[in-house]
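Thanks for sending this one over. Here are my comments on a couple of spots, in the order I'd go through them on screen.

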Amino acid sequence: MAPVVGKANPFLASMLWRRIKLRSIVGGRFFHSPAQSPAGDPEAATIAGKKFLETFTEEFEIGSRKMSLETGKIARFANGSVVLAMEETKVLSTVTSAKSDGSRDFLPLTVDYQEKQFAQGVIPNTFMRREGAPKERELLCGRIIDRPIRPLFPAGFYHDVQVMASVLSSDGKQDPDVLAANATSAALMLSDIPWGGPIGVVRIGRICGQFIVNPSMDELSLSDLNLIYACTNDKTLMIDVHAREVSEKDLEAALRLAHPEAVKYIEPQMRLAAKAGKKKKEYTLSMVSKETYEKVRNLAESPIRDVFTDPTYGKFERGEALDNITKDIKKILEEESDEEGLKFLPKTVDTVRKKVVRGRIIGEGLRVDGRRLDEVRPVHCEAGNLPVLHGSSLFSRGDTQVLCTVTLGAPGEAQRLDSLVGPSSKRFMLHYSFPPFSINEVGKKVGLNRREVGHGTLAEKALVAVLPPEEDFPYTVRVNSEVMASDGSTSMASVCAGSMALMDAGIPLREHVAGLSVGLVSETDPSTGEITDYRIITDILGLEDHLGDMDFKIAGTRNGVTAIQLDIKPAGIPLDIICESLEPAYKGRLQILDHMEREINVPRTQDGRNSPRILNLKYSNDAIRRLIGPLGALKRKIEEETGGRISVNDGSLTIVAKNQSVLDKVLEKIDFIVGREIEKGGVYKGVVSSIKEYGAFVEFNGGQQGLLHISELSHEPVSRVSDVLSVGQVVNLMCIGLDVRGNINLSLKATLPGGGSKTYSSIKEQTPIKSKPVNNVQEKQEKEKKDDKSTSGSVDGLSPIVIRSAAECDEEEKSAALRETPKAKSRIDAKTLKIGMELTGKVHQIRAHGLVLDLGGDLRGMYRFENGSKRDFEVGDEMRVKCCSFSTKGVPVMSLVQQ
C-alpha cells in the first residue's frame, strides 16, 4: 500500500479556502483572499500571499542632523508606536492604555526605557547572556521621558498608561535618550489616548563658548554644558542640566536658544498625526462636582486657614491638625450619607489646602512657616563628625537633614558601566538613600528606587564638576547620602553635605558646591490658561513643593551652575519666569555657601592616623605575575590579611589602605615577594645574611643583596662587625649609592642621630620600613685584607683588621684597578674565550642556583649547580672551570673540570 504523501486534494483545498476565508492586511485594511485557486494549478492554494504594510514617514532636520519619524511598520497593535531615527541610531516608542474605570486619584503612568545589547551587536556579558533588571541609566532615561509628558494629560484622567521605549540600533554617536522622548511624544499624538501634546526635546552643548544643537557623544565629552530642554510651542516643561560652572547669564542664553530648536520637533509630529493618527477615545474622568467641592470648602476652609496662619506649627503638628479637620468633615458627610463627598473627600480637602496656601502667598506674601518669599531656612553645618571615616559631614536646612560620608578606593574599584553610549566606567559615585524614618513612616526597602536614583544622580552631577582631574587625584570616590529628616529638597541638601564631606576627606575641590530649590505659585485665567499673577519662592518646604507649581532645583558654586533639574505640575510655564528664577536661586545659594565655608573652606590634610593612603608603584610584568599568584590567589591573600586593596593596571601597582598602618602591612607583604626599586637616600629593611671582616652583606626581602661596610655601622669606630651585627638580624639601612654594576652600598649610621655617642644596643631596637635587592661591591678588598693578614699578622696584640673610611676604600679600589691593568691585557677576554677552553676562575658571587665567577679581565661567567649538588663555596675561592656554552646574552656558561 503506497503511503499518502505529497499529494494535495484539489477539492479539499478549495473547500478550506472557501470556509475559512483567510484575510490579509494591506495598508491597515482587511481584504478577503480569493475563494479558490487558479484553474489548472491545484498547489497554488498553499502559497501564502504577500502582506503589504502601509507606513507613514516624516523627515526633517534639526541642528544639521537629519531625522525621520516612521509609523505603521512595527508594533501595530499598540495604541501608538513610532520609530525615530537619527543617522544609524533608531528608537522605538510605544504607548498603551488600560481599559479601567479610572477611579483612582492619581495618574498611574509607567515609563520603561531599555537598552538591549543587540542594538550595538554585542551579546550581554552575564551568566544567562541576557539583560536583567533595569540599570541606573535606563531608569534615568525613563525619568527624562516621564517628566515632560506627565503634566499634559487632562485633569481627572487616572487610567493606566504605559510607555515603553527601546533602542533598536545605536551607532554610538548619539545619545538615544532625547530621541526616545521625542518618539514618545509622537506615539502619544498618534494614539487614541487624550493628551495635550506634542512636545519637543532637544540637547544643547557648548564648546569654546559656541552652542551646539544635538551634539554628538564626542562633542559632549569636550562640552562644558549638557542641557536637555523640553517644551510645547510656547511653554517650558522640563530642564535637566549638567555643567561645569556655567554662569546664569550663559545658561539663560542656552535656554533661549534651546526653545526654538525644540519647537522644530513639533511640526513633523503634527503632520504625521494628521496622516496616521487615531481618533481620541472618550475616557471616564474622575472629577469632583461643583456642588461637592463647594460643600467641602465651606466646611474646611476656615479651620485650614487657622492652621496655616499659625507659624508655631511644625511639620508633623501641622499635618496632624489637618488630618483632624479631614476626620471631622468625614463624620459630617457620613451623617448626611453623602457618598460622592466621601469618595472625593481627600482630593477635595487637598484642593482647599492648595487654594488657601497659594492665596496667602500671592495676596499677603506670607508662607506656611512665616518666612519671607526669598528667605532661606536656618542652616547648620558640621564637617568631620565621624572622624574614623575618610570623610563625613552633617548638613541641616530647617527640618531637612542629610548625613554624607566619603569612601576612597583604588582606581580599579571604579564603577563599570554597561551602556550603549558614554564612558565605560566612572570613578565618582553618589548614592542617595531616603529611608522611611526620615518622614516618620513605616516602609520596606526593596531594590533600586527611581526617585533615589534620580536624586542621587542630580547631586552627583553637581559635585563631579569641581573634582580634581584624574591625573592629579587617582582615587575612586564614593559618597553616601543618608537622609535623616525630610522637609523639602533633600537632593540639594545632599549636594551641600557631599561638598563638605569631600573636603573633609582631603579631596582638593576647586570650589564648594551648594544647592537649593526654588518654587512658583501662580494664578491663571480659567478661560485662556495664561498666568495672570505669580510669586517666586526660595528654599521651598515639602508642603510648598506639593501645593506649588514647580520644583526648580539649582546647584552650583560662586562662579556658576553645575546642575539643574526642573519639574512642573501645570501644562507648561513661560520661559521668562524660569529665567527670572535664576537670580533668587543664586542669592540663596551664596547664603548657604557662607555657612559651609565657615565650617570648612580648605581640604583637610591626610596626616591623621585614620586618613586613607594611596600609593602607585612600578614593577616589571614578571614581578607583578609573582605578586598576583595563580588565579590571583596571592593578591587576595594579601588583601585579606592586611585589609588593603591592590589594583593592577598596565605595569603599575596601586595600593589603597584606610590608614598608614594598613599601608605599611601591605608594603611589607609586597616587599617579601617582589621587593622595591632601590633609590639613593631611601631607607629599607633587610636581614643580615653574612658577616665579613670588612662589613656585612644584607639581603632584602625581594632577594637582592647590598654591602654594609664596617665604616658605615656607626658614627664611632667599630673594631669588629660582629660586635654590632649578627647573622639573621633585621635592620633598617639607607642606600648611600649604587655603582655602575648595580651593586648597592648601604649605611646604618645614616639612619642614626648624627655625631654623638651611640650605643650598639639601639641598632637592635629599630623598626622595619622598606626593602629591595642587589649585589656586593667591594670583593677585591676581601682578598687584599686576607693578604695583609697573612703577611703582617698581629703586631703587639693589635687587631689584624684594617679599618678604612668609605673614601679610603674607594681610593684603594681605584689604585688596585690601576695595578691590575697591565695584567688584564695578558689575560683572556670575551673575544678570545672559546668553547672548551679551560681556565681558573674565582667565586665572585654566590646565588641560589649557581655562582658568578670572575674569569679575569673584567669577564664574568656563571656556573650552575648540577643535579641539586650544592656544596659550600666562599667568595674568593678559586676553581678550575671550562667554557661549555654561552647564554642568550653572551655570558659564558662554565662547568667544573675534574681534578
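This is a predicted model: local features need pLDDT of at least 70, side-chain atom pairs count only at pLDDT 80 or more; totals for chains, interfaces and linings use all residues.

1. Start with the open sheet of 3 strands, which pair antiparallel in the order β24-β26-β25. Strands in a sheet pair through backbone hydrogen bonds, and that can be parallel or antiparallel.

2. Now the edges of that sheet. β24 (613–618) and β25 (645–649) each have a single partner strand, so one side of each goes without a neighbour in the sheet.

3. For the β24 pairing, look at β26 (residues 652–657): 6 bridges join the two strands, which run antiparallel. If you want a pair to click on, Ile614 has Val656 in β26 as its bridge partner.

4. On to the helices. Two packed helices are described by the distance between their axes and the angle between them. For α7 (residues 290–308) and α10 (residues 345–364), the axes come within 9 Å and cross at roughly 50°. That angle is why α7 counts as oblique to α10. Their crossing is right-handed.

5. Which residues of α7 meet α10? They are Tyr293, Val296, Arg297, Ala300, Glu301, Ile304, Arg305 and Phe308. Their counterparts in α10 include Leu345, Thr348, Val349, Val352, Arg353, Val356 and Arg360. By type, the residues in the contact of α7 with α10 split into 10 nonpolar, 2 polar and 6 charged.

Technical notes
Residues are numbered from 1 along each chain as its sequence is written. Side-chain values use heavy atoms; hydrogens and water are left out. Two strands pair if DSSP finds at least two bridges between them. Helices (H or I, at least four residues) and strands (E, at least two) are DSSP runs, numbered from the N terminus. Axes are lines fitted to C-alpha atoms, for helices over the stretch in contact, and angles run from 0 to 180 degrees between N-to-C directions. Angles under 35 degrees count as roughly parallel, over 145 as roughly antiparallel, 65 to 115 as roughly perpendicular and the rest as oblique. A crossing is left-handed if the near helix is turned anticlockwise from the far one by less than a right angle, and right-handed if clockwise. Contact means heavy atoms within 4.5 Å. Ala, Val, Leu, Ile, Met, Phe, Trp, Tyr, Cys and Pro count as nonpolar, Asp, Glu, Lys and Arg as charged, and the others, Gly among them, as polar.
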